[in-house]
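This report is meant to be read with the sequence and coordinates at hand. Please keep both open while following the text.

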2 protein chains.
Amino acid sequence: MNNEKIPYKIYLSENELPTAWYNLRADMKQKPAPLLNPATHQPMSSEELSAVFCDELIAQELDDTTPYFEIPEEIRNFYKMYRPSPLVRAYCLEEKLDTPAKIYYKFEGNNTSGSHKLNSAIAQAYYAKKQGLKGVTTETGAGQWGTALSMACAYFGLDCKVYMVKCSYEQKPFRREVMRTYGASVTPSPSMETEVGRKILAEHPGTSGSLGCAISEAVEKASESDGYRYVLGSVLNQVLLHQSVIGLETKAALDKYGVKPDIIIGCAGGGSNLGGLLAPFMGEKLRGEADYRMIAVEPASCPSFTRGIYAYDFCDTGMICPLSKMYTLGSDFIPSANHAGGLRYHGMNSTLSELYHQGLLEATSVKQTEVFESAEYFARIEGILPAPESSHAIHVAINEAKKCKETGEEKTIVFGLTGTGYFDMVAYEKFHDGKMTDYVPTDEELALYRSHLPKVD
Amino acid sequence: MNNEKIPYKIYLSENELPTAWYNLRADMKQKPAPLLNPATHQPMSSEELSAVFCDELIAQELDDTTPYFEIPEEIRNFYKMYRPSPLVRAYCLEEKLDTPAKIYYKFEGNNTSGSHKLNSAIAQAYYAKKQGLKGVTTETGAGQWGTALSMACAYFGLDCKVYMVKCSYEQKPFRREVMRTYGASVTPSPSMETEVGRKILAEHPGTSGSLGCAISEAVEKASESDGYRYVLGSVLNQVLLHQSVIGLETKAALDKYGVKPDIIIGCAGGGSNLGGLLAPFMGEKLRGEADYRMIAVEPASCPSFTRGIYAYDFCDTGMICPLSKMYTLGSDFIPSANHAGGLRYHGMNSTLSELYHQGLLEATSVKQTEVFESAEYFARIEGILPAPESSHAIHVAINEAKKCKETGEEKTIVFGLTGTGYFDMVAYEKFHDGKMTDYVPTDEELALYRSHLPKVD
């Protein structure tokens, strides 16, 4: 391997774009536990899921044996507008850190949605269109998923109805406006449009909403509207499947230059980015072909891996969605106002949870002030303004590179840079003005929410 | 030429990054008129300029005979973090328009400053650093230039002092915050920090500032501070020189696939992007090697090419900068509140002005509501949310492609997509809400400002 030949940015050609998504579950001996019907505690059937989800997406969700799913040509053509995304060699960062480590990051922010969310949004919109649906509903908190889905729906001419957590709707008018630019209707949640929304508003007139409530409204709207289904941007295994394009491209780019990573790092909220990035590497590990350290980074304010328990829980606060076995803090845990909105989720994808349970994946939690310190440091050196979510991975990558400096080890570190922070400047401003806080839940709090978990045998 | 082989995005490799900027003036028989001292009306000498500008940049500014300037390695290394930028084949747009035209755009928005401004900012910061300066001062209106310069200064460890037009400072807090993230100090202008600022505030206590005033403050600060110089993001010929990297890459990418454009389109404010994009093509035209239609697109609210006159005028409203011979509306012309802040400039780069005067370049003006219609249309089809400035070029490119549909001509259209609109959502919101207006100055107004032009023999 000749390091001098590695460019600052490795761009694969369009011909090297993956032709199939990789389904990590196919290589797992111990599969992730199935989704359960919340009433009967029996595994959810396709029929039960079909009132809410699109048919082909249900098939992908339930399939834990097929290793590859071909990416339809229509989706590949859309991917070509912004993929393959660059794998960047962080030469400037390495030099500044004076570390022998080699640092790479897969940058998913070079598209208008500003994040990796578009990889799954376009797939979900495609299958909805193929099924002959009129449109889809969803919720959005920070707004990246809502933006991505709006773009995807505009491309396929689908109606897109987004329930946006009311406080985000009010605090992030620009996010809302981007979604409108792509033709989506954006409703602050809770709203008077749904039964659950009206009920919540009656009980809590001044509420600023929550992701759980927005999910409930979107699910209700999809179930009751003819020709609509509900789509979700993380947590589900179908999302990890689509996001595997990140890891497949990363691996192809590294292979091209004969580079084998030692450590792979990703931020983890619901798990969509991390699960996508590590998929082909974890596949090799599961098949005994290679070994890698893989690290999930979560906010200390919402530590589902590091302080949650592995149990069946509801995916939503409204407790209307199926039960999933996962690392969870309890579905009524409301994370503090961390600015990494995309990481404020009480649970974790079931595949990643099972892998963590088996000890194949590490996890660590970090505080948001130190995360923003690393974000700003990185922005000044590498020229990219990172999203707060992505900055969790940056922070741990920098720490690992510093350790290499101490030990003299030339480790190769790869991390996922999931998106840009253009719509997060309020958070950066708080950081600059010294007004950022680091709330960490107490053991007593966590024990309380844990006690609310559903009892599943 | 086989169209099917052309990818959605043509990425040159790092090895194909231009090694020298192209100085268009070297190929002009009739050179652009020199800058004049506003007091003596004699050509400005290097010595006179050196109190305000960096030495090597002055040399570039005054040199109209050297065709190529080598790009220093340090600048090339920075370029590698975001260049070569993609030349995109707009397959989706072509299909939607059902046009036989082939449409390409050079996308300069894939960097954190969000625009092409970074190409010159890093060069100017480099020469300032090389001269041993402590820092630079500048003004910013819309904020793209200020952001780019902040990034460049952070990279070279230079102090960066930005005077931001007060109304922008208040209306675009996120832009301000990005600059702070890169360590710049951002002062709302007019301020109490400078004599000219204090004078203006005394005379107009409630003023929300203007670009002209911000320039005057930045120039004063640079002249009075030890180890500081003033830098500017457009209008000057040194900026066009640096921006030639856009055109050189575009031409290299097209040549690679044997594509010869028929029409080249760019938005024009001060001329930095347009001059950079068309440089090598205009060079061929000047040398009689090829012919192209080249179109400058300006806002109808600030029509310096289409309704201005070719005369010596001040580059700034404060009338302290040198006189430049250019198409101008008069240096005290205050454009209406068009949302394309980067195109609100009373004059035009002197090289482009001379080329337009010689009939080598066309110009057209468009109204902002139709520009936003095209911007939204483009965003939904091509997936990129364009800046209002860039959308001027998009609008005319779409119109040209529609003409091809009528005539059946398979013309190849190339336009410059200078940047993204993430910080322009207030403008998009006005457009969505039907609150956007189309102010066009009357002939009487223009005649009035024209009568204020300095008298130069």
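**The interface between chain B and chain A**

The model is predicted, and its local features are reported only where pLDDT is at least 70, while side-chain atom pairs count only at pLDDT 80 or more. The size of an interface is often given as the accessible area lost when the parts come together. For chain B and chain A this buried area is about 4000 Å², with 58% of it on carbon and sulfur atoms. In terms of residues, 42 of chain B are in contact with 42 of chain A.

The polar side of this interface comprises 26 residue pairs in polar contact, both partners being at pLDDT 80 or more. On the side of chain B that touches chain A, at least two residues each come from α6 (144-156), α8 (173-181), α15 (368-382) and α17 (425-432) of chain B. Of the elements on that side, α8(B) gives the most, with six residues. Sorted by class, the residues of chain B that touch chain A are 22 nonpolar, eight polar and 12 charged.

Four salt bridges are counted between chain B and chain A, whereas the count over all chains comes to 50. Two of the side-chain pairs that meet in a salt bridge are listed here.

| Residue in chain A | Residue in chain B | N to O distance |
|---|---|---|
| Arg176(A) | Glu429(B) | 3.0 Å |
| Glu429(A) | Arg176(B) | 2.9 Å |

The salt bridge between Glu429(A) and Arg176(B) has an N to O distance of 2.9 Å. Because Glu429(A) lies in helix α17 of chain A and Arg176(B) in helix α8 of chain B, this pair joins two chains.

**Packing of α15 and α17 in chain A**

Two packed helices are described by the angle between their axes and the distance between the axes. In chain A, helix α15 (residues 368-382) packs against helix α17 (residues 425-432) at an angle of about 100°, and their axes are 11 Å apart. Since angles of 65 to 115 degrees count as roughly perpendicular, α15(A) and α17(A) are therefore roughly perpendicular to each other. On α15(A) the contact is made by Thr369(A), Phe372(A), Glu373(A), Ala375(A) and Glu376(A), and on α17(A) by Ala427(A), Tyr428(A), Phe431(A) and His432(A). By class, this contact has five nonpolar, two polar and two charged residues.

**Backbone features in loops**

Most residues other than glycine have a negative phi, and most peptide bonds are trans. Where in chain A does Val235(A) lie? Val235(A) is found in the loop between β9 (228-230) and α11 (237-256) of chain A, and although it is not a glycine, it has a positive phi of about 70°.

In chain B, a cis peptide bond with omega of about -10° joins Arg83(B) and Pro84(B), and Pro84(B) is placed in the loop between α3 (73-79) and β4 (87-89). The peptide bond from Ser189(B) to Pro190(B) is also cis, with omega near 5°, and Pro190(B) has its place in the loop between β8 (185-189) and α9 of chain B.

Both Ser189(B) and Pro190(B) are touched by Gly209(B), which also touches Val165(B) and Lys166(B), when residues up to four places away in sequence are not counted. Gly209(B) itself is in the loop between α9 (195-203) and α10 (211-224) of chain B. Its C-alpha atom is separated by 8.7 Å from that of Met164(B), a residue 45 places away along the chain.

Methods
Residues numbered from 1 in each chain as written. Chains lettered and ligands numbered in written order. Heavy atoms only, no water. Axes fitted to C-alpha atoms, helices over the stretch in contact; angles between N-to-C directions. Helix = DSSP H or I, 4+ residues; strand = E, 2+ residues; numbered from the N terminus. Parallel < 35°, antiparallel > 145°, perpendicular 65-115°, else oblique. Contact = heavy atoms within 4.5 Å. Nonpolar A, V, L, I, M, F, W, Y, C, P; charged D, E, K, R; others polar. Buried area = accessible area lost by both parts, 1.4 Å probe. Polar contact = N/O pair within 3.5 Å; in protein donor to acceptor, adjacent residues only side chain to side chain.
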